[in-house]
Amino acid sequence: MNPVQIKPNIYWVGGIDWHLRNFHGYITPRGTTYNAYLIVDEQITLIDTVKDYLADEMLERISSVCDPSDIDYLVVNHVEMDHSGSVGRVMDVAPEATIVTSAKGREGLEHHYDAARWDFELIDSGEELSLGERSLTFVYTPMVHWPDSMVSYVQQESLLFSNDAFGQHIAGHERFDDEVGWDLLHEEAGKYYANIVMPYGMQVLRALQALEGLKIDMIAPSHGVIWRTFIEDLLDVYPRWAGHETNPEALIVYDTMWDSTRQLSTALRRGLEESGVPVKVRSLQTSHVSEIMTDVLSARAVLIGTPTLNNGMLPTVGAFLTYLRGLRPQNRIGFAFGSYGWGGQGAQEVAGFIESIGWDMPVDLMNVRYRPEVEQLEEAEAAGRKLGEAVNASE
Ligand code: FEO
């Protein structure tokens, strides 16, 4: 288990979770990493830890650099257990170490672990801690992704330990962005943003403002690869995501029982395409909600279709909307459509949902009884064209 030197005497010593496929509901087909970093200075400092089952892997990497019992400081940027899960193991081998964290960080650690026996040094946002030749400056980034979250900055190395911010769920032997490539990282960083960080756009913008003016030539997040080449690209897309900016594209998400709702989705797609709007189509039977959220991140219009089952929408559609409500994408154009036999409440519920989250609905819902006739498919196509015009007009 080799460490990887990322700057002089600063090492990646994290753990690779090759087999993780579900991160509390977020599908992670590429696995993930939990990144811990070791700074060898007068005060030997470990930045964050790993999930509990990867503690041995992390300690083995640390042992290749120094005796883990020599660790002086353990910085806890964030208490969520993918990063604090091995704090206890580190403190067992380095009982003289001091945990450096915020007051909220200490409170969180006390809620999760037997922390009374540990020494703490509580720091404020903006405070600097000398490690010897280098120092760490801490910046609180509340809700990116928990109330306790903060980042740590090494001014002498222009290095930001950004914790959850700028992460991606990718397991691999690559440690740096240029070893993977922007296209894949853009997709995975976007998926991560959409599924983890999206509800906290305002806080992300505040955090980015707090970091403005810092010279940064490397961003070392707590998941995925380290940014050193595509920092400019990353710092270009993050404010766009945080500001709920979208592309002039449409996304159709639906489930179907007897094919009627699917037929409507095809007619809607045709209409959107006739307006020159690129469209993605996702069936909830084949796409996971966390993958669909990546599409929601960039889509200006989101069309949601359901049949009516037992006087309501299909449970798959309900699950998607519940997930979407929690992640709070804003500034979208919404549209509800569906089919029914007698009640018709499914698409009505979707329309009510779209209204409740404040999206624009420039076109009334389309709800078709039993199977769509040719005229109704033409109506759906016309609705797609109108929605396409709305997308184009919103540029
Ligand atoms: Fe990667 Fe919020 O923990």
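Two cavities of 30 Å³ or more are present in the structure, a cavity being a set of points on a 1 Å grid over the protein atoms alone where a 1.4 Å probe fits but cannot get out. The structure is a predicted model, in which local features need pLDDT of at least 70 and side-chain atom pairs count only at pLDDT 80 or more, while totals for chains, interfaces and linings use all residues. Residues are numbered from 1 along each chain as its sequence is written, and side-chain values use heavy atoms, with hydrogens and water left out.

The largest cavity holds about 100 Å³ of space, and of the 13 residues that line it (those with an atom within 4 Å of a point), Val144, Ala165, Phe166, Ala207 and Leu211 are the closest to its centre. Strand E15 (159-163) and helix H6 (201-211) each give two or more residues to this lining, and H6 provides the largest share, four residues.

Two or more lining residues come from each of strands E19 (299-309) and E21 (333-340), and E19 gives the most, three residues.

Across the whole structure, 18 salt bridges are found, each defined by a side-chain nitrogen of Lys or Arg within 4 Å of a carboxyl oxygen of Asp or Glu. One of them joins the side chains of Arg117 and Asp92 at 3.3 Å, N to O. Because Arg117 lies in the loop between helix H4 (103-112) and strand E11 (119-122) and Asp92 in helix H3 (residues 87-93), the pair ties together parts that are 25 residues apart in sequence. Helices (H or I, at least four residues) and strands (E, at least two) are DSSP runs, numbered from the N terminus.

Key: 1 Å grid on protein atoms, 1.4 Å probe; cavity = no way out; pocket = protein on both sides within 12 Å on 5 of 7 lines; lining within 4 Å. Points joined across faces, edges and corners; volume = space filled by probe spheres on them.
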